[in-house]
Amino acid sequence: MRTLARLQDATIHAFAVLAGIVFVLITLVLVLNVGLRFFAGKNVYGMIDAIEMGLMAATFLGAPWVLRKNAHVSVDIVMSGLSPARRLLVDRLTSLLGALLSALFTWATLSALMIALSRGSMMRGVLVIPEWVPLLAPFIGGLLLTLEFLRRAAVGPETEAHQAGL
């Protein structure tokens, strides 16, 4: 069981790093595009399509890490008014609800991904890509969120809200 927990930790961390890299690349491409427009009157071909997909992918791939670090939005005023035992109970109940919703989202995403794969459908914008490609990040992120919510429901949050550094 510990090996699975370490594998989950490593996977969440790896996708968080990947999400960070995507955000850095988006920033660099935007700066490059502005410079090219100013100095050469040209744009980076397909930049908007790539940024849209990158933002979606980075958001879904980074979400489990945010949850792991307890850096997500919570209603602190309500939670701080509860006793430690009730705070843990509320956190576990909301984690179970989060797991259920994440599992439903993951199932819906997997269904859409499988349909896109079976049809061989393509997304046509400036860039033309298989429709299943942008569905990978929400599927992976949803699956990791489901597992992380289940872990939180079983053992509680890794850190208290005031320890998250936010």
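**Entry 1: aromatic pairs**

I count rings of Phe, Tyr and Trp (its six-membered ring) as a pair if their centres lie within 6.5 Å; planes under 30 degrees apart make the pair stacked, over 60 edge-to-face, and the rest tilted. I am working with a predicted model, where local features need pLDDT of at least 70 and side-chain atom pairs count only at pLDDT 80 or more, while totals for chains, interfaces and linings use all residues. Residues are numbered from 1 along each chain as its sequence is written, and side-chain values use heavy atoms, with hydrogens and water left out.

How many aromatic pairs does a search of the whole structure find? I got two. Phenylalanine 38 and phenylalanine 39 form an edge-to-face pair, with 4.8 Å centre to centre and 85° between the planes. I then looked up their accessibility (buried means under 20% relative accessible area, exposed over 50%, partly exposed in between, with a 1.4 Å probe and protein chains only). Phenylalanine 38 is exposed at 67%, and phenylalanine 39 is exposed at 72%.

Phenylalanine 60 and phenylalanine 105 form a stacked pair, 5.4 Å centre to centre with 10° between the planes. For helices I use DSSP runs (H or I, at least four residues), numbered from the N terminus. Phenylalanine 60 sits in helix H2 (residues 47-68) and phenylalanine 105 in helix H4 (residues 84-119), so this pair ties together parts that are 45 residues apart in sequence. Phenylalanine 60 is partly exposed at 23%, and phenylalanine 105 is partly exposed at 34%.

**Entry 2: salt bridges**

I take a salt bridge to be a side-chain nitrogen of Lys or Arg within 4 Å of a carboxyl oxygen of Asp or Glu. The structure holds four of them.

Which residue forms a salt bridge with aspartate 9? I found arginine 68, with the closest N and O atoms 2.0 Å apart. Arginine 68 lies in helix H2 and aspartate 9 in helix H1, so the pair ties together parts that are 59 residues apart in sequence. Is arginine 68 buried or exposed? Arginine 68 is buried because its relative accessible area is 6%, whereas aspartate 9 is partly exposed at 36%.

Arginine 68 also has a salt bridge with glutamate 148, at 2.3 Å between the closest N and O atoms. Glutamate 148 belongs to helix H5 (residues 133-155) and arginine 68 to helix H2, so this pair ties together parts 80 residues apart in sequence. Glutamate 148 is buried, with a relative accessible area of 0%.

My next stop was aspartate 91 and arginine 152, whose side chains meet in a salt bridge at 2.8 Å, N to O. Aspartate 91 is in helix H4 and arginine 152 in helix H5, 61 residues apart, and both residues are buried.

**Entry 3: glutamine 8**

I found glutamine 8 in helix H1 (residues 2-40). Glutamine 8 counts as buried because its relative accessibility is 15%. Leaving aside neighbours within four places in sequence, I see glutamine 8 in contact with Arg68, Leu144, Leu147 and Glu148 (contact means heavy atoms within 4.5 Å).

Technical notes: Helix = DSSP H or I, 4+ residues; strand = E, 2+ residues; numbered from the N terminus.
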